[in-house]
Structure formats: structure tokens, C-alpha cells
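Here's a quick briefing to read alongside the model. Have the viewer open and follow along.

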There are 2 protein chains.
Amino acid sequence: MALLDWLLGRRLATLEEEHQHIGPAAGIPVLGLDALSSAAYGPEAALTLLIPLGAAGLGAALPILAIICAILAIVYVSYRQTIAAYPNGGGSYTVAKENLGPHLGLIAGAALAVDYILNVAVGISAGVGALVSAFPALLPHTLTLCLAILVLITLVNLRGLKESGLAFMLPTYAFVGTLAAVILVGLVKSIASGGSPEPIVAPPAMAPAVDVATAWLLVKAFASGCTAMTGVEAVSNAVPIFKKPAIPLAQRTLTAIIALLIALLAGIGYLCRAYHIGATDPGAAGYQSVLSMLIAAVAGRGAFYYITMGAIVAVLALSANTSFADFPRLCRLLAEDRYLPGAFAERGRRLVFSTGILVLAVLAGALLVAFGGITDKLIPLFAIGAFLAFTLSQAGMVAHWKSLRMPRFMVINGAGALATGATLVVVSVSKFGDGAWLTIVVVPLLVLFFLRVNRHYRVVGQQVATIEPMEMPDRADPIVVLAAGSWSKMTQQGLKFSLRLSDDIYVVQVKTETSTTEELSDNWELLIANPARRNRIAQPKLVILTSQYRQFLNPFLEFVRDLEAKNPDRDICVVIPDLIVSHWYEGLLHNNRGSFLRLILRAQCSDRVVVIHTPFHLHD
Amino acid sequence: MALLDWLLGRRLATLEEEHQHIGPAAGIPVLGLDALSSAAYGPEAALTLLIPLGAAGLGAALPILAIICAILAIVYVSYRQTIAAYPNGGGSYTVAKENLGPHLGLIAGAALAVDYILNVAVGISAGVGALVSAFPALLPHTLTLCLAILVLITLVNLRGLKESGLAFMLPTYAFVGTLAAVILVGLVKSIASGGSPEPIVAPPAMAPAVDVATAWLLVKAFASGCTAMTGVEAVSNAVPIFKKPAIPLAQRTLTAIIALLIALLAGIGYLCRAYHIGATDPGAAGYQSVLSMLIAAVAGRGAFYYITMGAIVAVLALSANTSFADFPRLCRLLAEDRYLPGAFAERGRRLVFSTGILVLAVLAGALLVAFGGITDKLIPLFAIGAFLAFTLSQAGMVAHWKSLRMPRFMVINGAGALATGATLVVVSVSKFGDGAWLTIVVVPLLVLFFLRVNRHYRVVGQQVATIEPMEMPDRADPIVVLAAGSWSKMTQQGLKFSLRLSDDIYVVQVKTETSTTEELSDNWELLIANPARRNRIAQPKLVILTSQYRQFLNPFLEFVRDLEAKNPDRDICVVIPDLIVSHWYEGLLHNNRGSFLRLILRAQCSDRVVVIHTPFHLHD
């Protein structure tokens, strides 16, 4: 317990919840890291696909980034509305479920869940990838580094919302601040030089064009750039974590995140063109990331360069944090609707949904281990889940406003639905061959899983539900079966308890290779028969079972099942004396027949067989 | 169960034991593989230390092997006597314990146990090493091969004695047969040529002498050669596995094993000298084992060479089998004297001591994994345990005959004790620096462990032992605490059982985040109070606990402990309704609070708190 206290902090009372709520300053690191980190890889992803166009690619990149920013703006306005309409957390799951029906809600939920899990694995692995390319000596430790960061983020999140906001504030604001400085300086230089600034460190000359711009290529570049949009729904999903008044604070947080993201994307796009910076082939020698070239061109390779690059690496690795804020809340909603076990809906010691956090960590950790810490192959899968959820959520909002007869709001969310829906189609088609079809398999399987879980709970509900008042026990006492070893205080105590329950007691011994039964049978008169006569109670019956196969469990089970069959109208209580040692390792020195016996009776007998352990504590 | 039947064979009844007994033909593979395989590495071990002497080393080797054969003969005669004196298995542990006292017995037992575990790891690893040096492509799979052989030997042994005798008969007799053929042919050729036979494949010329024979070098060579003697005690330890009459059959088996081993050692020693074959440096290029050179010299490198080498590799790898026959019997004896848990004394489904077999496999597997399948470093540790046990056993036999006043037998075992004791001193001193000191640490620790285990059982015995007759339950009924969820058939059933036990019933609900308590409190009158009045029984009391920390277990535990403290003279029965699902994976969808509650009540409360699970089975 002391270790947990030290690792996670003391247990928080439910009444302390108010103090765990956050404002926009902490909200941006907690909910915005996923979206903001997109500035580091979104433009790069689009430019990489434009490499075959040579310098002409830069001309094509600007309009693509402009379209992405425009869609972002539309999505922003729609999600602002969603926040106001669903102050209890209007994630895609809730909005789709309430307005489009439970099945579409589950599809949105499953798509988001997959997106969150992938985001953790891909984010951490991208950050570690950047770190390792800066310090190649770390290469053999890629997986270890990934898992260490995963454990760190998990622990911070288990410590509570406030702590994760504090922990991630510094890298977030370092990232935004340094990148914004680069963009501002670059803009000033660019304007001062009439659009052709002189780079401090010249970027490598762009490769000559080997291809002309086809519509298909541009569409693919756009689809890759769209990864920049994941994480935008995070705030709307988590409105209840904000201080009062939650709605305006959440909206303000969303505004800040989207405004910063658009500014960074637009600035990076403009400066790439001004400084003639294109992507380099990630597989080839001399690879350098677009941001690295851009920062060096604007600010040189001094201390500032290394600080900025360090902040970028940190934010990439920590972008997983957004999933840790949202995935557990999504699971909580699913659990409340009984699509997941109830444990997901219970807040742990620090008032966060610990079960969801741990499950997310385990699943993402499994992905990292399976891919050895290098998750490039997962990136294509990534945006589809997010856009599927976006589209369903926006469409749900359209239905919502329609039922409320508010056509003006309907138009805004309608535009969002169209924009994200179109993007979804583009991304799905252009990424299909890269593995996006996997999403099409995993999401339906997950939906099926949710439905099966729900069906199980409904079946249980039907079987255990009752409105009948309490029943009196049957007239007949139960039959008691005492699992006896040799005569000892344990057996004595078990027999004493048995006498409370019934006059109809079987003292059952199983003769195995190592047990002796003579002790009890030889002294039966003295130990049992005489006291029974003296107290005028019915004689317990001694039964000695022999096992031709040297087993204890089977003969005992057969005896109980036989009794059960022969006495269809009586309960059977199996009393098992239970030796309790002071230290767990002493337990290894004793057979745990009692526990096995309980498990096997539970599995093989009916409701009429009740197992009772009478405890006997050993003292040191 | 079907899988186990297929893997291990059907369960054997205790009465079928007779059919599992074996004769000398199967006894030699079961108990002799360890001793016989020594022929493959004993002479090599001695010759390797004599490399610095060049050709002169061969002259020194013969007397060393002669001394080893002489000690073997003495040990043989003594163990023959031991077999007759202890027909229930006169392992070193029993003989030392009964004649020298329990502590020396435990030392012998611990030394043998260590020896057996090392033998498994070293034997398998030596066999795989020989295989890998023949097929270097297998080198990266060394550990996998070692573990595969370990699993194979374990499974065969779990299938029973008879099956392991059958399984290992072919390699054993192939080994003995082919090596005997080589020696016979070599002897004939040698005699025919007047002592200087012409090799078919000439062995490499021996390296020139770089050193002269010192006493210390000769002693070290002798100590290394003594590894050939391990495994000799195996038969005496396992007399009960033989058919009737067990004593002569066991003696005949021992005679056959020792005679074969002496013949092989003497033959190899003689032929090495006749053909001028010395050891080559195992670390250097061009290394070839002594037996490989000898077989090639006598019989050439035809098919016969490969068959013989294959048999040697197989016997090396399978020499571990002797440990699997003896270690479990040693553990059984220790368990019967309560130095180990009773499970070691129970025969499993195939009438062998399965627990001991599995523990041996796990320990040897751990050693193999720890050393990556290459256990050269363990070889020096190997002979010491064996010779320590031999010496104690022989000394014990001396005491035995002394007490029976049979001086003739005393002299024979006395000679054995002297020979093995002297060897023990020589081996310990000469191998001390190579790691033999480890044995001096491990054996006492193991003895300490045995003593601690025994003390625990004695403490338990004192605390649970009683000769008092059965007691009647106290007049006062117990207090019943029903762990209730919402009103359901499970709760109903738990309450019905509670009414059997007492009129003093607390229905306890804990209000956590996800549980509702209103259902029961709002309908209390209808569900509980009215029926109680109608049946003229005392009203159960409803208790609703709220947890400021969202926990279920702690508030419940506190309530029970409080009741326990306030009612020092009454028993408390905690009734926990238990939902039983049809498939194990459905269990994951339900919290297992009932099981946790039982564990925590068991650990934290006194003997007066009895836990009762009332089962409720779900149906498909």
C-alpha cells in the first residue's frame, strides 16, 4: 500500500473531485497534445508523397494544406456546438448513439477506440524514432525506450488529471513557443526580403521532378496530410473534466488548440515554399525531417535548434497522452451502457478511470512489442478510425438539431459532416491498399464484441432479476458433508459448525496414498459417538472413500453428486476446514485441496450445494 | 483430460503397480544411463588435463583409469550390500539418516539432490553440444534443443517407469553394443599386431610435451576422471521399482551396469595407448573427441562410425534420465519425513512421483536457460555432491554393520567409505577454485531449507493436534452478514440460506459509484419486512455503507471487524451470493468481489468469521 501511495499518490475521496478539475492552461496539454503534435508530422506526410514532383511539389503542397486547414476550421465550429449540446461529454459515441441509434453509436465508439489505441503506439514510436535518429547509439534500445515512455505516461495518468496536466505543460508550451518563434522570424525575414529569404543553413537542393502532378497523387498527399486532424474530438469528449463553468472553458480550450494548430500548419506550409524546403526520402541516406531543415534555415543550428527539436521529440512521444485522457472516458460510457464490464465505469484511487488507463496501456504495449517499437506500418490505419467517428458524430449532430428544429446549427454540423465524410472517403480509398482494410475488419469485430458483452449482461439480468419477496428456508435441514482429514482442531471446528446446520452429517474421509484414516475410525466411539449420545443428538455418519487412482477430488465429488441426486429436495452443505497460514509462502507447503474442492463443486454441482470454509488460523 | 490421456496415457489404478515394475533389461536404461554415459566423457576429461605432457600423458592415463576402475569395483561391492540391507530403497539419504543421524542424512540428501539437478542440465547440454559440433548450423538453436530434449525426457518419465525403460532401451544398447564392438575389434587388431596396430584413419599426431608430470597435475586428472563415477548409486536408491524378487534383480542390474562401465573404461584406456590417441584442446581449431578419433582409428569413417557417434550423442543427452528416476524418489523420502511438502510423496496418474519429476524439470530448465544451454561451468560442481553422498552412505553402512555386529560386511563398506572419502577430498581440493565452493554454499542452504520446512510442519502439528472429542455449538446463534447487491434471485437465495443460520441477520449493501441501493431500501417493507412478520421471525436489518473512496472491500471489512469486536462470544457468518457462469471467459465480465472478499476476510478476521458462498448458476 505504501508503494502505491508513493507511486500514485494517496487515495482521493469522491468529494475531492472538484479539486481535480482543470482549466484551459492544463486542458491544452491534457487534451491537445495529439492534435498539436500533428503539426510535426502532417505537413511532412503530405510533402513526402510529393517528392516525385520535385520543386513543383511545393506549389501543390500549399493548396493541400489550405484545404486541410479549412476542414479543420469547419470541424472546429461543429465541435464547439457539440460541446454546448452535450456538456456531459459529447464524444462521437454518445452523439451518434443518441441521434443515429445504438448500432451507429457502437461503430463510432469502436472506430474511436481503435484510433486511440493506435495513436498511443504510433505517437510513442514516432517520438522514439526521432530520438533514435538523433542518437543512433540508442537504436538497439528502441523497444525498451518505447515501453519506458508508455509506463511513464500510464503512471502520470493514473496519478490523476491534474498531475498529467502539470507534467505535460512544459513540453507542450516549449513546442508551441519555439515553433511559433521560428515561424514568426521566418515570416518577418521572408517579408523583409520580398519573399525570397536567405536561409542560414541552406536546405539540400530538391531532387529533380520524375513525375507530373496527377489527381491521384494529389489526393494521396491530401489523405496523408489529413493525419494532422486526429485528436480534434478530444475536448468534446471530456467536457466534465473542466472547472465550472465547464462549457465555455472547454470551448476556449478547443479554440486555443485549433487556432494554434492552424497557425502552425499554415506557417510551416508558407515557409517551406519561401525557403524551398521539400521532404527527403525517409528510407534514403541523408534523410532529414522537414521541420529540422526549416528550423536550421530560419534560425541556424545553434542551441535554439536543439531546444526546438527536443521539444518536438517530446511532444511526439507524449501525444499518446490525449488517448489516455479520452479512451478511459469512452470505455466508461460503453460500460455504463453495459457494452463493457462495470469496472470501466468506476473511478480508481485518483478519481480517474484506472481500468481504462491500464487496458489502454496493455493494448498499446502489446502493439509496440508486436511491432518491435517501429509502428510505421500502422500509420495508414490511423486516420480512418478518426474520420469515421468524426463523420458519424457530425451526422448525429445534424439529426440532433433537426429534431430540435434549429436549422442554423444544422447547417454548420451538416457542413462538418460533408467535409469529414468526403475526407473519410478520400482517405479510405487512397489508403485501402496500405492496410486500411484492416480497420474495416477490426471495427466490426469490436462492435460484435460489444454486442456480445451486452447480450451476456442482458441474459444475466433476465436470469437473476426478480420482484418476489424473500423466501423462507424449506422445512428439511440441509445434509452436511464435512471434508475431514485426520482428527484435529480443524476437523473439530468444522464438525462444530456442521452441528449448527443439521442433524444429518456425513464426516467424509478420502483414503489416498499419504492420508491415514484409522485415527478417526478407531476412536469414533470416544471422539464422536459418546458426545453425541450425551447431548442427545443424531450420530454423525463416518464415510471412508478409497480412491483406486490415488485422487482426493474425484471420489469426494462423486459422493456429493450422488447425495445430490438421491436427495432432490434438500440442500447440501459441504463444510471444508480451511488452514490459514501467516505468510503466503507457507501456503506452498500445504496442498490447497480446499480451494480446488470449492472450485470443482461450484462448477459441477447445482445451486443446492453450498460450500462453507471454516477457518483455522495458524499463529507464529 | 483427453489431451492429458493422449500425452501421458490413461490414469493407472494403484492396483496396477505390479505391472509397472521392471527387470534388469529395462533397469539398465532407466538407472544406468548416467553411469554408462560416463564412458564417453570420463576418459576424455582425464586425458584433457594430460595434454601438456604430450605422448607421455598416455602413459600416465592408464594408471589413473586403473585406480578409477578399482574404486568403482569397491563402490560396486558396497552398494550391492546396501541393496540387500535396504530393500525399500537404500539411497544415501536413508542409509546416512538411519545410521548417522538425521542431520548427516539431510546433508547426503541435499548433496544428491544438487547432483541430480546438475546432472540433468549438464547431461543434456553435453549431448546437444556434441550434436551442435557435428552440425554447426544448429548452433543458434542450442538452448531450444536443450529444452526440447528436457521436455521429451520429462514427458517420457511422466508416462511411467515402464515406458521410459522401453523408450531409452534402443539408444542404450546401441551405445554399449557399438562401443563394445569397437573395443573388441581394436583389441584383436592390437594383439594380432603385437601391440602396435595400424589405424584405419590415423589420429592427429600428439602435441609435443610442454610440461613434465607433477603430482598435482596427475591428481587433477584423476579428479576430472572421477566424474565417470557419478550415477553409480542410482540402483540402490530405486530397489522398489524392480519386479519380485527385487533384491537379486536390482543387484544383477547393478552388476551389469558396473561391469559394462569398467569394461568400456578399461578398453578405451588400453586402446588410446595402443593407437597413440590423446585428447585435443576443446577450445582450439581441429578439436576432435577422443572417442571419435578412437572409432575412426579402429573402424574407419564409414556408416559404422556415424552410427556409433549418433549413439554416443543420444546417450549423453539422455543420461539425464537417471536423475528423473532417482530425484523424485529422494524427494518422496524427504516428504515422508516432512522435510518437503506431502505432494512429493504422492504418485501421479502413471504411478510415478509426478511432482518430483516436474520440479526437477523446472529447476534443470532454469539452469539451462540461465546458462544459455552451455553448462561447461557447472561440470566442476558435479562430482562433489555425488562423492559426498557416496561417502556418507558408505560410512552409514559401516555403522549399520557395526550395530549388527557383522565385521566382514563392515570391512567391505569401510573400504568403500575410505575410497570414496579420499576421492571426495581429492576432488574437492583440486576443483575448489573452479567453483566447487558453490556446492559448499548450496548444500547447507538446502539443508537449512529442509529443516525450516520440517519446523513449519511441526508447528502446524502442535497447533492443530487434539485428542479432545467433538464440541457442541454455543447456545447463541451466529450473527449473519449478507453481502447484498440489488434485490435479485442471488440476494434472495443468500437471504434464504441466512435464515437457516440465525435470526440475527444484517443485509449489507455498499454504495459505490456504480451500485444502486434504492431498489432494496425503497421496497424493504414489501420484500423483507412483511414476509418476516407473516412468518413470525425477527426482522433482518438493512445496513447501507457508503464509501468516500469508492471502494467495496474496505467498508465491508470494517463492518465485519466491528461486529466481531463488539460480539466477542459469537460466531459471524458472512454469506456471499456467488454468480457462476457457464464459460470461464464470461467470468471476466463480472467483478470477482466475492472471491476477493473471502480472501480478505480470511486474512484479516479471526476463526470466528466463517465465509459461505451461496451459488447461483447461470444457464446458457
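In chain A, the α8(A) residues F168(A), P171(A), T172(A), A174(A), F175(A), T178(A), L179(A), A181(A) and V182(A) meet F304(A), I307(A), T308(A), A311(A), I312(A), A314(A), V315(A) and L318(A) of α13(A), where contact means heavy atoms within 4.5 Å. By class, this contact has 14 nonpolar, three polar and no charged residues (Ala, Val, Leu, Ile, Met, Phe, Trp, Tyr, Cys and Pro count as nonpolar, Asp, Glu, Lys and Arg as charged, and the others, Gly among them, as polar). Keep in mind that this is a predicted model, in which local features need pLDDT of at least 70, side-chain atom pairs count only at pLDDT 80 or more, and totals for chains, interfaces and linings use all residues. Residues are numbered from 1 along each chain as its sequence is written, chains are lettered from A and ligands numbered from 1 in the order in which they are written, and side-chain values use heavy atoms, with hydrogens and water left out.

**Geometry of the helix pairs**

- Helix α8 (residues 161–192) and helix α13 (residues 303–318) of chain A pack at about 130 degrees with axes 8 Å apart; axes are lines fitted to C-alpha atoms, for helices over the stretch in contact, and angles run from 0 to 180 degrees between N-to-C directions.
- That makes α8(A) and α13(A) oblique to each other (under 35 degrees is roughly parallel, over 145 roughly antiparallel, 65 to 115 roughly perpendicular, and the rest oblique).
- The crossing of α8(A) with α13(A) is left-handed, meaning that the near helix is turned anticlockwise from the far one by less than a right angle.
- Over in chain B, α8(B) packs on helix α11 (residues 246–274) at about 40 degrees, with axes 10 Å apart.
- The α8(B) and α11(B) pair is oblique, and its crossing is left-handed.
- Among the residues meeting there are F175(B), L179(B) and I183(B) from α8(B), and L260(B), L264(B) and I268(B) from α11(B).
- By class, the contact of α8(B) with α11(B) has 14 nonpolar, three polar and no charged residues.

**How the two chains relate**

- The same surface serves both copies, with 100% of the contact residues of chain A recurring in chain B.
- E513(B) touches A345(A), E346(A) and R347(A), plus R550(B), leaving out residues up to four places away in sequence.
- E513(B) sits in the loop between β2 (505–511) and α20 (518–522) of chain B and is partly exposed at 30% relative accessible area (buried is under 20%, exposed over 50%, partly exposed in between, with a 1.4 Å probe and protein chains only).

- H276(A) isn't a glycine but has a positive phi of about 55 degrees, and it counts as exposed at 53%.
- R536(B), also not a glycine, has phi near 55 degrees and is exposed at 77%.

How values were computed: Helices (H or I, at least four residues) and strands (E, at least two) are DSSP runs, numbered from the N terminus.
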